[in-house]
Amino acid sequence: MATILRSLSYRYQWLYDSISAVAALSVGGIGRFHRLPLADLPLGREANVLDLCCGCGQATQVLVQHFDRVTGLDASPRSLGRAQAQVPQAHYVQGFAEAMPLEAEQFDLVHSSAALHEMEPEQLRQILREIHRVLKPQGYVTLLDFHPPQTPFLWPGLALFFWLFETETAWQFLEADLGHRLGDLGFGNCRQRLYAGGSLQVLQAQKQGGGGLGGGGLGGDR
Ligand SMILES: C[S@@+](CC[C@H](N)C(=O)[O-])C[C@H]1O[C@@H](n2cnc3c(N)ncnc32)[C@H](O)[C@@H]1O
């Protein structure tokens, strides 16, 4: 079931966008949904920004309103074609997030929206390392994705959504403590904000200077 509905929602963008718009009502609409990760980031228009797993440009559309240099990366040529048509202000690269065809230490911000829950656990580990690699020292990562709801009555709705549109990786993702993972990779200043009864998380963290992995323990401020 999940595979069919997911592939349908990827085939028909109106379906994907409609589902996203309904889900985003819980945080005040799709515009606010995509702006939440950018709150309080001390970055100017000149920042070099990567929208990782950009899809058809849903978050890219908001990023180009704030930044002059935005790159979207996605594995899907079809999605990239749509993103190029809808958000031509950005530059696009086809590639895998776990092995980005991008030079190290070039971005001030790497953002990923509603994508990491689709990754296998080992793939997710590699992607976080890649995010660290392509960020400049002191650069920021912002991640927006699912989180275990804090109130029991939200679990049935989330479970139904996962059953219809997601796979096992979304359940595995709920157990991934991204804040501590980022800390182990050398990120600091981690801030986690929860929305929609805790079912949505926004993580912001900053790559610590000097590069290299290890150290920098941190946690979310739940
Ligand atoms: C749920 S969509 C999210 C799209 C968009 N970021 C948004 O906010 O709606 C997930 C995207 O991740 C892409 N994707 C999945 N696995 C990927 C990978 N390993 N590397 C790069 N992109 C990937 C898919 O092609 C898809 O466009």
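This is a predicted model: local features need pLDDT of at least 70, side-chain atom pairs count only at pLDDT 80 or more; totals for chains, interfaces and linings use all residues.
Residues are numbered from 1 along each chain as its sequence is written, and side-chain values use heavy atoms, leaving out hydrogens and water.

How many disulfides (pairs of cysteine sulfur atoms within 2.5 Å) does a search of the whole structure find? The search turns up 0. For Cys54, the nearest cysteine sulfur belongs to Cys53, 8.0 Å away. Cys56 is also buried, at 8% relative accessible area, and its sulfur sits 8.3 Å from the closest cysteine sulfur, in Cys54, so that is too far for a bond.

## The nonpolar cores

A nonpolar core is a set of buried Ala, Val, Leu, Ile, Met, Phe, Trp, Tyr and Cys residues joined through side-chain atoms within 4.5 Å. The largest one here has 30 residues, and Leu50, Leu52, Ile131 and Leu143 have the most contacts inside it. Several elements each supply at least two residues, among them strand S1 (48–52) and helix H6 (121–134). H6 gives the most, with 5 residues. There's also a second, separate core of 17 residues, including Val70 and Tyr140.

## Out on the surface

Trp14 lies in helix H2 (residues 13–24) and is exposed, with a relative accessible area of 59%. Helices are DSSP runs of H or I with at least four residues, strands are E runs of at least two, and both are numbered from the N terminus.

Terms used: Buried means under 20% relative accessible area, exposed over 50%, partly exposed in between (1.4 Å probe, protein chains only). A disulfide is a pair of cysteine sulfur atoms within 2.5 Å.
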